Amino acid sequence: MSQSPFSTLPLHTDLLHNLESLGYHVMTPIQAQSLPHVLAGKDVIAQGKTGSGKTAAFGLGLLEKLSVKRFRIQSLILCPTRELADQVGKELRRLARTIHNIKVLTLCGGVPFGPQIGSLEHGAHIIVGTPGRIEDHLRKGTLRLDDLEVLVLDEADRMLDMGFQASIDAIIDQAPKKRQTLLFSATFPEKINNIAKRIMTDPIMVKAESKH
Ligand code: ADP
Ligand code: MG
């Protein structure tokens with residue numbers, strides 16, 4: 001497969017320059033297959049192994065769409081574990097380091113609510129978190145998703161294996177109906193298909209076989 005540079009995508013020049021400085025010269029196969037659809041605002045289901053570059057495949061989409069001036073939660077990324085949420089938060093901050101004043105907040109369980117509530121009161125553009133804790137904040141009213149534009153389910157197969165289905169449903173109940181939904185998964189069992197049918201609109205399916 002030919003290797004496409006990121007500059008073939010409709011991305012802001014500051015994002016493109018930052019990708020160069022990070023050493024991201026060409027897209028990985030899953031990025032090349034999904035980013036054009038993600039940037040076009042479509043719902044996308046992308047299947048790719050660990051290390052295939054899935055974070056940038058959704059991250060560049062939500063960063064390109066984001067308005068820093070609107071200090072509202074515009075994107076929510078759900079991850080199965082705190083470690084994965086921390087990794088995604090870190091990668092998003094790297095991808096966004098040329099965007100001034102952008103706030104990426106990570107919200108996971110196993111830590112007290114107080115500091116998280118304080119951070120939420122200060123505001124954020126992007127939230128990365130585990131489904132249980134996000135659901136808890138929604139129930140307490142300490143998090144609202146009225147301005148959400150992009151919802152990402154990262155490692156969706158693992159989230160379902162870990163029993164997060166009900167939490168994910170509760171979160172989606174509180175999200176605007178008009179939104180972009182992106183689902184990333186290493187495998188594509190029937191239960192992913194079922195949830196996708198419920199929460200996505202005419203999703204584009206992409207699959208990267210390459211071990212890149
Ligand atoms: P996945 O979520 O599919 O497991 P990640 O998004 O964590 O993969 O990316 C894996 C690694 O590849 C990270 O270290 C990331 O910085 C790097 N990476 C992602 N995209 C590119 C790219 N286009 N060029 C070079 N490195 C990349
Ligand atoms: Mg990942």
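Reply: Two strands are taken to pair if DSSP finds at least two bridges between them. The model is a predicted one.

Me: With that criterion, in what order do the seven strands of the open sheet lie?

Reply: Seven strands form an open sheet, and their pairing is parallel. Strand 3 (104-107) and strand 7 (204-207) each have a single partner strand, so these two stand at the edges, with one side of each left without a neighbour in the sheet. Neighbouring strands are turned against each other by 15° on average, direction ignored. Read across the sheet, the order is 3-4-2-5-6-1-7.

Me: Which residue of strand 4 is the bridge partner of Leu76?

Reply: Strand 2, residues 75-78, pairs with strand 4, residues 126-129, in the parallel sense and over four bridges. Within this pairing, the partner of Leu76 in strand 4 is Ile127.

Me: What angle does the direction of helix 3 make with that of strand 5?

Reply: Helix 3 packs on the sheet, where it touches strand 1 (44-47), strand 2, strand 4, strand 5 (150-153) and strand 6 (180-185). Taken against strand 5, the direction of helix 3 makes an angle of about 170°.

Me: Is the crossing of helix 3 with helix 4 left-handed or right-handed?

Reply: The axes of helix 3 and helix 4 (residues 82-95) come within 10 Å and cross at roughly 50°, which makes helix 3 oblique to helix 4. The contact joins Thr55, Ala56, Gly59, Leu60 and Leu63 of helix 3 to Val88, Glu91, Leu92 and Leu95 of helix 4, and by class these residues divide into six nonpolar, two polar and one charged. The crossing of helix 3 with helix 4 is right-handed.

Me: How is helix 6 oriented to helix 8, and in which hand does helix 6 pass helix 8?

Reply: Helix 6 (residues 131-140) and helix 8 (residues 165-173) pack at an angle of about 40°, with their axes 9 Å apart. On the side of helix 6, Pro131, Gly132, Ile134, Glu135 and Leu138 meet Ser167, Ile168, Ala170 and Ile171 of helix 8. Given an angle of about 40°, helix 6 is therefore oblique to helix 8, and the crossing is left-handed.

Me: Which helix gives the most to the shell around ligand 1?

Reply: The shell around ligand 1 has three nonpolar, eight polar and two charged residues. Of the 13 residues around the ligand, Tyr24, Ser52, Gly53, Lys54 and Thr55 come nearest. With three residues in the shell, the helix that gives the most is helix 3 (residues 54-65).

Notes
Residues are numbered from 1 along each chain as its sequence is written. Chains are lettered from A and ligands numbered from 1 in the order in which they are written. This is a predicted model: local features need pLDDT of at least 70, side-chain atom pairs count only at pLDDT 80 or more; totals for chains, interfaces and linings use all residues. A residue is near a molecule or strand if its C-beta atom, placed from the backbone, lies within 6 Å of it. Ala, Val, Leu, Ile, Met, Phe, Trp, Tyr, Cys and Pro count as nonpolar, Asp, Glu, Lys and Arg as charged, and the others, Gly among them, as polar. Axes are lines fitted to C-alpha atoms, for helices over the stretch in contact, and angles run from 0 to 180 degrees between N-to-C directions. Two residues are in contact if their C-beta atoms, placed from the backbone, lie within 7 Å. Angles under 35 degrees count as roughly parallel, over 145 as roughly antiparallel, 65 to 115 as roughly perpendicular and the rest as oblique. A crossing is left-handed if the near helix is turned anticlockwise from the far one by less than a right angle, and right-handed if clockwise.
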